[in-house]
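Q: Please take a close look at a single residue here and what it touches. After that, go on to other parts in one connected account.

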Amino acid sequence: MEELKQAILNKGVVLSDGVLKVDAFLNHQIDPVLALQIGKEFGSRFINSRITKVLTIESSGIAPGLTTALELKTPLIFARKRKSLTLSSNLLTAKVHSFTKNETNEITVSKDFINEGDNVLIIDDFLANGEAALGLASLVEQANATVAGIGIVIEKSFQPGRNKLEEAGYVVESLARLSSLVDKKVHFLEEISE
Ligand code: G4P
Ligand code: NA
Ligand code: NA
């Protein structure tokens, strides 16, 4: 997606540890025009998938999740991250381990909002190791609903997330795929194969 690539090149900052900082338009300050374009792009990629709900995770998934849900005319649900392991009878829960942060969070969604028969599109801002997306997919499946696909704004293709998700059988659509962040430079996957 060209507008997203331009934002990454013009406003992204590569940190030395293989992390792309996108606080200027996605993770802290949000560019609402770009967010709407992102929603339209996910919408067009999943227009024929009969999506009934969009599911993301707080906080950075909410903006692209909202614009995607707006485009597909569905509700948006965002999973909450919980520090405590307090149980509640009305929650779907999954454990998500972050290799980046070396911590495990329990993510939760109320059973009220994902129902049997729902066809759910999962949206997230980044795909690195795939743990967040797998946790979200687990929530959907616990509700006897279907994961229609996983939409990612920025995929770090040099990390194992996409392979893990595809091996688990999920359809993954990423709007920008980064092949490398070495030498503080952004390389997109398409550039390699051309
Ligand atoms: P995983 O879900 O793919 O396994 O990712 P990981 O645990 O490695 O990521 C932990 C957090 O860091 C997630 O945000 C994820 O979106 C983010 N992240 C991963 N790689 C990058 C990167 O290169 N750049 C940026 N900016 N973020 C990255 P989070 O903790 O859930 O935070 P937020 O949604 O509240 O912002
Ligand atoms: Na994030
Ligand atoms: Na995220």
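A: T74 is in contact (heavy atoms within 4.5 Å) with I51, T52, K53, V54 and A69, leaving aside its neighbours within four places in sequence. This is a predicted model, in which local features need pLDDT of at least 70 and side-chain atom pairs count only at pLDDT 80 or more, while totals for chains, interfaces and linings use all residues. Residues are numbered from 1 along each chain as its sequence is written, chains are lettered from A and ligands numbered from 1 in the order in which they are written, and side-chain values use heavy atoms, with hydrogens and water left out.

The loop between α3 and β4 (76-82) holds T74; helices (H or I, at least four residues) and strands (E, at least two) are DSSP runs, numbered from the N terminus. With a relative accessible area of 13%, T74 is buried; buried means under 20% relative accessible area, exposed over 50%, and partly exposed in between, with a 1.4 Å probe and protein chains only.

A nonpolar core is a set of buried Ala, Val, Leu, Ile, Met, Phe, Trp, Tyr and Cys residues joined through side-chain atoms within 4.5 Å. This core has 29 residues, of which L4, I8, L20, F25, I38, I154 and V186 touch the most other members. Not counting residues up to four places away in sequence, V186 touches I8, L9, V14, L20, L178, S180 and L181. A second, separate core has 26 residues, among them I77, L127, A137 and I152.

S110, in strand β6 (residues 103-110), is another buried residue, at 18% relative accessibility. Apart from neighbours within four places in sequence, S110 is in contact with N90 and L91. A polar atom of the S110 side chain lies 3.0 Å from the backbone nitrogen of D112.

The sodium ion (ligand 3) has D124 (OD) and D125 (OD) as its protein donors, 2.4 to 2.7 Å away. Donors are N, O and S atoms within 2.8 Å of the metal (3.2 Å for Na, K and Ca), and sites may look incomplete because water is not among the atoms. D125 coordinates both this ion and the sodium ion (ligand 2), and the two ions are 3.5 Å apart. D124 is buried at 6% relative accessible area, and D125 is buried at 9%.

Conventions
Polar contact = N/O pair within 3.5 Å; in protein donor to acceptor, adjacent residues only side chain to side chain.
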